[in-house]
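Please look at the sequence and the structure first, and then follow the sections below.

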Amino acid sequence: MISASSKSFDAAPMIESGPDDDSLLRVSLGPQHPSTHGVFRMNVVLDGETVVSLKPVFGYLHRNHEKIAEGITYLSSMPYTDRLDYICPLSNNWAYAHAVEKLAGLEVPERAQYLRVILAELTRLINHTAFAGFILGDMGAWGSALMYAFRERELILDLFEDLTGARMMANFMRFGGCRNDLPDGWAAQVSRLVDDYGPFLDEMEKLLVGNEILLARTQGIGSLSKETLVNGGISGPMLRAAGVNYDIRKVDPYGIYERFDFRIPLGATGDCYDRIMIRFLEMRESLKILQQALAQLPEGPVIDPKARIRNFKPPVGESYARIEGPKGELGFHLISDGTTKPYRYRIRPPSFINLTLIEDMCLGLDLADVVVILGSVDIVLGEVDR
Amino acid sequence: MSGFDASHSAAVLWAPECWPRLPQRLVEMLLHFCGAPDWLVTIGGLVAAAGTVVGVFLTGFALLSLIERKTLARIQNRIGPNRAGWFGILQPVADGIKMLTKEDIVPTKAEWFLHLLAPILIVVPSILALGVLPYGREWVPVPLDLGLLFFFAVGTLTELAVFMAGWASGSKFPMLGAMRAISQMVSYELPLMLSALGVIMVSGTLSLPGIVAQQSGFLLGFIPAWNVFTPWGLSAGLVFYIASIAEANRCPFDLPEGESEIVAGHMTEYSGFKYALFFMGEYLGLFAISGLGITLFLGGWQAPFPGLGSVPSWIWFFSKLVVVIFSFLWIRGTFPRVRIDQLMRFAWLCLIPMALLTIPAAGIWHFAGGGLIGWAVTVPMLLVPWVVLTIHYNKRLAPATRTYTFADS
């Protein structure tokens, strides 16, 4: 694999532009480190334990996803999107299906629209619940919060398994609808879960939000100005925690989100604590959406019968479709040359773009804060490196 | 201490109270009847006594490693180890075999000798400290007159070992861990020792069996006369408890290990049995510091209720040990970790002032002879600073309760 031309390529460059002082300590946090959420690496320069410079190194989980997708048919990429943000595969499915539908001008039947909203909001619940567990793990409460978060996640994954046959790698959305209809009693199970979720959130909030150590560890840590966040392209809960009203479900509605009554919670300071709280508040709004969607769920087909699965050739053109994924703006940019394969397939991953400002958030803080800030960005490396 | 005392009657020897001393007595007897000189009898007996302590606490270490995992698992809504033997009882054995058979890796940049010495140095002081604790009325392995001083003197050695491990590994995460360990342990050693001062003043002795003897009896016939049931004792006991969590590197003060931040701190570059030795040292240290806390504040081996004289006293000691250690486990399963600056501020602004205040309070209590005057003076003297410091400290920790708005559109 190593050829003569690749010899000069340094896969893990150490800091060159950072301060050059013997009293500083250069530490490579990752790629194998307990709290980098996968194989992410940060080259950190420390003065004592204070961060002087922090350079993220991406690419350890690069899988050539975009290039592979250009060599296979449109539908063949659908299972691959599951592997992007593997905590919330169904949102990825939707974003990709949305982009292809926009490209090919496909209509989605009513029932499938509702089903997609239900699945996306369940995915948001999974993501935000697991986030609360992960960030507590980063703060040193190994397992306790995480296992309770995963207990609830398991219940939702069981529902996903009933519906799609897979717990995580769902591969459920199709161009023009969804793969199959609901199994018997599924909707009733979801509404039971939605009813039980509120008390669980009450309990979790009571346990976490009032804890003095958590407050001390997260408040005033990692906040950035609104301008920096907007200019950096940050999206999702991280942006809304700073008080920027930007939720794609509202500003650029897709699917049938205009039909539902829900609010967008906004923070004020944008520190790690706000990021946690915003996610808790968003989960409650998701529950509201779920209740409405389950009550209105119509009968009918779940996939447009005219949508051709085999030999699918969208017309020549270009489309960019975005959804409000649990982590932020998840977009797919497709260029079609009229063949069965996309000419260009490009993903706008929220984790990756949210992570680009990590140095600005961490400078001058403790090494211990870096871990909490990284946790509060909420990344999944499958999506960061693709 | 003076060789074999032939006057020990068989009844005393076989009483349950004396069971933990059986190995020592038997060795002494055997050597005596073999015609060994007195000094050999004494040394043989002490070796047997030390062997008893080491055996008891190494078994305790093995059990605790299992109990900790089981307890944490239950707190975390899991089951915990249950594959090796019934209830996972063989898990410590399996872990031990695994640790022994693993490769022992020494980094090329490490100072190999210090790297080897550190895990040994962390186990030895813990065992030495365990040697002076009074476990029962008849069971004091080494009854030193200056037992408390000896305990603290060897206790500080673990800091040396932790720093040695961090520095000798020649790596960055261990170095950061060692720095954290030194600052943390030095800061928390102060309140630990200062809170013990009041006990020394009231009991007038540095001998640990003497301190336990001073806590005998019952107030009003049912409240044990332990130091923790006095105002100064409760205050000092709280300081001691918090400081001992930090001394034992337990969550929420486990910064030297800081698993999510600096991988495993000073233990990062250790593998195999050296790593196991660190764990052993940590758990033995936990036993020792809890045992000292029990001796100083919870009445040592004294029974908690009157009329239980027939129960061997060491059972009470170990029952208290189980309760104290369970509280450590519970805290570990519940709290996130604090940051280093918060840790330091807590030690210097809260714990050390309170530990200092308990000293005059203990003096007043001693000369007032307890009673109403003692309560009347010491309770406000300690309660007011506790409340003020707690409120002040909480204000710093939780600057604001946030309110969140919702977008209109």
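## Contacts along chain A

Among contacts in chain A between residues at least 6 apart in sequence, what percentage join residues at least 24 apart? The figure is 71%.

## The model and its confidence

The model discussed here is predicted. For the complex, the predictor reports an ipTM of 0.78 and a pTM of 0.84. Chain B has a mean pLDDT of 83, and 94% of its residues reach 70 or more. Where pLDDT is low, the predicted coordinates should not be read in detail.

## Overall form of chain A

Chain A contains 15 helices and nine strands. Its C-alpha trace spans about 70 × 60 × 35 Å along the principal axes. A compact globule of 386 residues would have a radius of gyration near 21 Å, and the value for chain A, 21 Å, therefore agrees with that expectation. Of the 386 residues in this chain, 50% count as buried.

## Two domains in chain A

The domain assignment divides chain A into domain 1, residues 2-57, and domain 2, residues 65-385. The C-alpha centres of these two domains of chain A are 30 Å apart. Their contact draws 14 residues from domain 1 of chain A and 18 residues from domain 2 of chain A.

On the domain 1 side of this contact, the elements that give two or more residues are β2 (41-47) and β3 (50-57) of chain A. The largest share, five residues, belongs to β3(A). By class, the domain 1 side consists of seven nonpolar, five polar and two charged residues.

## Where chain A meets chain B

The contact between the chains involves 41 residues of chain A and 32 residues of chain B. Several elements of chain A give two or more residues to this contact, among them β1 (25-29), α4 (110-138), α5 (144-164) and α11 (272-296). The element that gives the most to the chain A side is α7(A), with six residues. The chain A side comprises 23 nonpolar, nine polar and nine charged residues.

Strand pairing also links the two chains. Which strand of chain B is joined to β6(A) by three bridges? The partner is β3 of chain B, residues 405-407, and the two strands run antiparallel. Within this pairing, A:Ile264 has B:Ala407 in β3(B) as its bridge partner. The strand β6 (264-266) of chain A is also one of the elements that give two or more residues to the side touching chain B.

Note on methods
Residues are numbered from 1 along each chain as its sequence is written. Chains are lettered from A and ligands numbered from 1 in the order in which they are written. This is a predicted model: local features need pLDDT of at least 70, side-chain atom pairs count only at pLDDT 80 or more; totals for chains, interfaces and linings use all residues. Domain bounds come from an automatic or database domain assignment. Two residues are in contact if their C-beta atoms, placed from the backbone, lie within 7 Å. Helices (H or I, at least four residues) and strands (E, at least two) are DSSP runs, numbered from the N terminus. Ala, Val, Leu, Ile, Met, Phe, Trp, Tyr, Cys and Pro count as nonpolar, Asp, Glu, Lys and Arg as charged, and the others, Gly among them, as polar. Two strands pair if DSSP finds at least two bridges between them. pLDDT is the predictor's confidence in each residue, from 0 to 100. The radius of gyration is taken over C-alpha atoms; the globule rule is 2.2 Å times the number of residues to the power 0.38. A residue is buried if 20 or more other C-beta atoms lie within 10 Å of its own, exposed if 12 or fewer, and partly exposed in between; C-beta atoms are placed from the backbone.
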